[in-house]
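Some notes on the model you sent follow, in numbered points. They start with the fold of one chain and end with its contact to the other.

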Amino acid sequence: MIKDNFGIRKSDIINRRMFIIGAAKLIIFGGIIARLFSLQINDNKKYLTLSDKNRIREWKLPPTRGNIVDYFGNIIAGNLKIYQLHVIPEQVENFNYLISRLKVILQLSNTRVERIKKKKTQLKPWESLIISENLSWDEFSKINNYLYELAGVKPVMTISRDYPFNDIYTHVLGYVSQPNEDDILANEIIQEKFVPGIKVGKLGLEKTLENDLIGINDIQRYEVNAYGKRINQLEYQKGKQGSKIRITLDTEVQKLSAELMKGMAGSISVMDIYTGEIIAMYSSPSYNPNSFLFGISEDEWQLIRNNPLKPLINKTLSGLYSPGSTLKPIVALSALENGIMDTNFKVQCKGKMELHGQTFHCWKEKGHGWMSLNNAMKQSCDTYFYEIARKLGVDKLKVTADKFGLGKKVLGEYFENEKAGQFPDTRWKINEIGKGWVLGETLITGIGQGYTQTTPIQLCLMTAQIANGGYKIKPKILTDDNQLTSEQVKKAMKDNNLYNSHIPLFNDQKNIKIIQEAMFSSTNELRGTSYKSRIDDPKYQFAGKTGTAQVKRISKRERELDLKIFQIPYEERDHALYIAFGPYKNPRYALSIIVEHGGSGSSAAAPMATKLFKLIVDRHQYRKKLPDYKEFNI
Amino acid sequence: MFQHTRLNSDQNFFQKVKNLDYILLLSILILSTLSLFVMYSTDGGELLYHTKSHFIKLSVFFALMLLISFFNIKFWHLSSYFLYGIIILLLIWVSIYGIKVSGSQRWMNLYFLALQPSELMKIGIILCLAKYYHRVSVEKVNSFNSIFFALTIILIPIILVVSQPDLGTSILIASSGLIILWLGGVKIKYFFFSFITFLISLPFIISNLQPYQKLRILTFLDPDRDPLGAGYQIIQSKIAIGSGGFSGKGFLQGTQSYLDFLPEKHTDFIFTLFSEEFGFIGSIGLLLLYLIIIIRIIRIGVISRSSFAKLFCFGFAFSIFIYITVNLSMVLGLLPIVGSPLPIMSYGGSSMLATMIGFGIVLSAKVHSKQAIA
């Protein structure tokens with residue numbers, strides 16, 4: 001019985017202690033339920049969002065770039081469907097075998113195969129490995145024949161930039177390629193839209209107008225698992241192609257310019273003298289922008305880089321040349337404007353001029369005799385211009401040169417690599433060189449040599465402003481109907497129309513007329529320097545001025561030898577220049593032509609103008625016929 | 001006056017069947033069925049390995065449970081020390097020949113099952129101590145010898161399990177053991193002083209922890225410390241549960257688990273998946289089911305005549321409660337991550353085997369509730 005008593009007491013203890021525990025259990029369960037409530041009911045939204053963030057991932061696809069069209073709407077930078085070859089390593093049974101098969105089918109080089117293998121190690125097995133960025137049609141159809149035996153190989157159609165006119169627009173448009181770190185850091189919009197495989201503008205308008213051209217990415221929303229593998233597509237959000245850009249250039253004129261410049265280094269620019277529209281802007285030699293799309297091969301790059309004619313330099317905007325005699329219209333105009341002389345003023349040319357013991361030669365050794373303004377322009381007499389420059393002084397000359405745009409950027413808003421060049425005056429020399437101005441330098445400046453450095457586009461603008469009667473114009477490369485977002489470009493486009501044909505650059509318009517007439521004589525009268533290149537048909541008739549810019553000082557001995565052009569080393573030959581406007585009766589277009597080391601302006605540059613004006617004038621009627629900007633469907 | 005010591009009771013088979021606790025059995029069946037559905041979901045909605053294996057284990061162990069329940073509770077009383085000794089031997093065997101998985105040596109390969117003796121010890125310790133406190137007289141409970149003996153019984157398996165190393169299981173074994181001491185009548189002040197001593201020695205314990213164990217505690221205190229590393233499990237688990245909301249994402253719709261964001265979703269984090277798919281309502285339902293099971297076990301303890309049966313039932317009810325609490329607190333981010341399965345729900349043979357054996361003995365206590373044990 002004793003045992004039983006103990007037993008009862010023991011079970012009392014057990015039961016009592018059990019109920020204490022039981023109460024504790026209920027409290028703890030209550031705590032767990034409270035926690036569940038707080039997570040699932042109170043913070044449900046927060047955790048739902050986190051869960052979606054976990055499982056939904058967006059994939060941006062490269063956006064489609066906007067097209068760039070010429071004045072007539074021809075696509076000059078478009079998009080092309082291309083075929084790429086992707087391999088998804090996960091789906092491949094034997095990768096090395098597959099690669100060796102592809103190597104045979106596509107004739108891949110060993111280094112290429114090595115690169116692909118290396119890239120594979122950096123990717124997750126379900127990420128596609130790009131074997132070829134641009135399959136030719138032959139390769140594509142070949143692959144398709146073998147596709148049944150190549151598991152994991154996926155031919156993919158995608159869109160790539162395409163420049164249908166190859167090299168003729170390169171210096172205007174630039175090109176696109178894969179962005180490097182600097183490109184991405186410098187542009188927030190590229191940062192935002194960046195995806196592997198995107199191409200961005202590297203140069204020219206492609207770069208300047210990047211933000212408008214780039215477009216909006218397509219977005220794929222996928223459900224992914226914890227390892228980032230796509231499980232299924234939830235949504236496909238269509239992006240938008242970049243804005244279409246219309247430029248003022250005429251492909252026909254551009255093509256002719258390229259043809260004329262073939263094999264030579266130099267530049268041709270053509271401009272509408274009233275609107276400032278650039279009709280052609282070609283820097284020679286050029287290079288094919290399509291080569292850069294998928295990364296240029298080392299060989300091709302070296303070929304371009306080491307070409308002595310320097311295709312990478314946009315000579316129209318960044319080539320600095322002494323204007324030579326093409327500056328003479330401005331010197332003469334400045335003299336007239338400043339009342340230094342009038343049309344009756346005459347200078348006797350004896351082939352050279354002495355000043356403070358220094359001899360200044362005219363290009364014609366025997367001298368031109370007594371020269372009036374008209375004759376001096378026509379025959380490009382240096383002595384005459386030495387004399388009026390001496391009387392005028394460089395500081396007054398600079399005022400006129402400045403007005404006409406020399407030494408200032410012309411299209412700097414669009415082309416960051418444009419150079420301003422310079423037009424010197426006395427203050428400039430003290431500031432830049434630290435020495436006082438010497439009168440002899442004024443004489444040299446008067447014939448466009450010396451410190452003066454101009455770009456072909458500046459000479460073209462100068463000619464256009466003489467041709468339009470002496471009114472300021474702001475050259476433009478984009479038509480007014482472009483809808484662009486960049487503030488810099490919008491301002492530039494606004495400026496175009498603000499200035500054009502409103503601000504006179506002369507004191508007396510008569511003086512402009514005199515210069516125009518002198519340029520007419522230079523081309524269309526006997527003994528004019530470009531007489532041989534004239535067109536008699538008034539429809540095409542133009543007025544111009546030749547220029548021959550010395551690359552180095554001519555020594556006395558060379559002067560005596562009077563070498564023929566082919567006897568001089570290429571780098572030492574003179575640059576040939578020509579500026580012109582036409583048709584003379586009712587001018588509309590101005591041009592400038594520069595042939596580097598081409599010899600004399602009259603033989604190398606002026607004949608090109610003949611062909612150009614024929615085309616430009618013929619094209620004018622088509623240009624005029626185009627519907628109003630607003631109706632032109634961009 | 002005279003007590004029978006026969007092992008077979010005077011009940012025949014049908015009487016025994018009649019005396020089973022059907023509410024408890026039904027609850028266990030519902031829980032088992034539920035666990036199969038959840039396992040099916042962890043397999044991504046397909047009848048794959050985990051689901052099949054879980055089903056087979058459930059069937060076998062459920063049958064084993066019924067078998068155990070037909071043995072007289074006296075048998076279990078008689079063999080308690082023996083079973084404890086066997087499990088200790090298994091633990092020693094494992095520490096020498098066991099299979100090593102990710103740094104800890106816990107398993108023995110039985111070909112049809114990777115047996116984890118430490119899981120069996122959760123039941124073994126209750127059996128052993130229940131027998132001990134059944135036998136020791138109330139006066140002697142608080143004697144030095146008695147407490148020393150009880151603590152030794154607890155400490156031997158603890159040392160073996162900690163050295164595997166498996167801190168989580170050893171804590172669960174210790175708490176199962178200590179609760180029997182509590183129920184047996186060890187003075188409250190001893191518990192109180194031990195607790196104070198524990199708090200004081202905590203810094204020393206922590207400094208002796210394995211680096212990964214320290215990391216777990218640090219991660220528990222601030223899961224965002226290393227969101228892709230150590231904190232990943234807690235963060236993802238909370239996201240899964242929280243995103244389940246009131247009614248859950250629906251069966252087979254749990255994106256967190258389906259897309260592999262959940263770690264160990266078959267085993268320790270099975271509740272996370274359940275809660276993501278069935279929401280607050282489902283979780284409360286599951287808790288209620290567990291609560292019913294616990295209450296039924298306690299009830300059996302209350303109606304049992306022998307102290308051994310009482311101690312076992314209460315101790316087992318408590319350890320079930322502790323497993324649930326530790327597991328849920330862990331996945332809810334209330335406790336650091338210690339490997340601890342959710343009874344029946346989690347995939348894993350040893351844990352289920354131990355739980356089913358426990359249920360079996362509890363049912364045996366029910367069937368033989370009138371049975372007194374000398």
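1. Chain B of this predicted model contains 14 helices and three strands.

2. Of the 374 residues in chain B, 50% are buried. Among the contacts in chain B with a separation of 6 or more, 71% are between residues 24 or more positions apart.

3. One helix pair deserves a separate point. Helix 7 of chain B (residues 167-184) and helix 13 of chain B (residues 307-331) have axes that come within 9 Å and cross at roughly 140 degrees. An angle over 145 degrees would count as roughly antiparallel; the two helices of chain B are therefore classed as oblique to each other. Their crossing is right-handed.

4. Which residues of helix 7 of chain B meet helix 13 of chain B? On the helix 7 side they are B:Leu172, B:Ser175, B:Ser176, B:Ile179, B:Ile180, B:Leu183 and B:Gly184. Their counterparts in helix 13 of chain B are B:Leu311, B:Phe314, B:Gly315, B:Phe318, B:Ser319, B:Ile322, B:Tyr323 and B:Val326. By class, this contact has ten nonpolar and five polar residues, and no charged ones.

5. The contact between the chains takes 38 residues from chain B and 38 residues from chain A. On the chain B side, the elements giving two or more residues are helix 7, helix 10 (232-244), helix 11 (255-258), helix 12 (270-303) and helix 13. The residues of chain B that touch chain A comprise 21 nonpolar, 14 polar and three charged.

Conventions:
Residues are numbered from 1 along each chain as its sequence is written. Chains are lettered from A and ligands numbered from 1 in the order in which they are written. This is a predicted model: local features need pLDDT of at least 70, side-chain atom pairs count only at pLDDT 80 or more; totals for chains, interfaces and linings use all residues. Axes are lines fitted to C-alpha atoms, for helices over the stretch in contact, and angles run from 0 to 180 degrees between N-to-C directions. Helices (H or I, at least four residues) and strands (E, at least two) are DSSP runs, numbered from the N terminus. Angles under 35 degrees count as roughly parallel, over 145 as roughly antiparallel, 65 to 115 as roughly perpendicular and the rest as oblique. A crossing is left-handed if the near helix is turned anticlockwise from the far one by less than a right angle, and right-handed if clockwise. Two residues are in contact if their C-beta atoms, placed from the backbone, lie within 7 Å. Ala, Val, Leu, Ile, Met, Phe, Trp, Tyr, Cys and Pro count as nonpolar, Asp, Glu, Lys and Arg as charged, and the others, Gly among them, as polar. A residue is buried if 20 or more other C-beta atoms lie within 10 Å of its own, exposed if 12 or fewer, and partly exposed in between; C-beta atoms are placed from the backbone.
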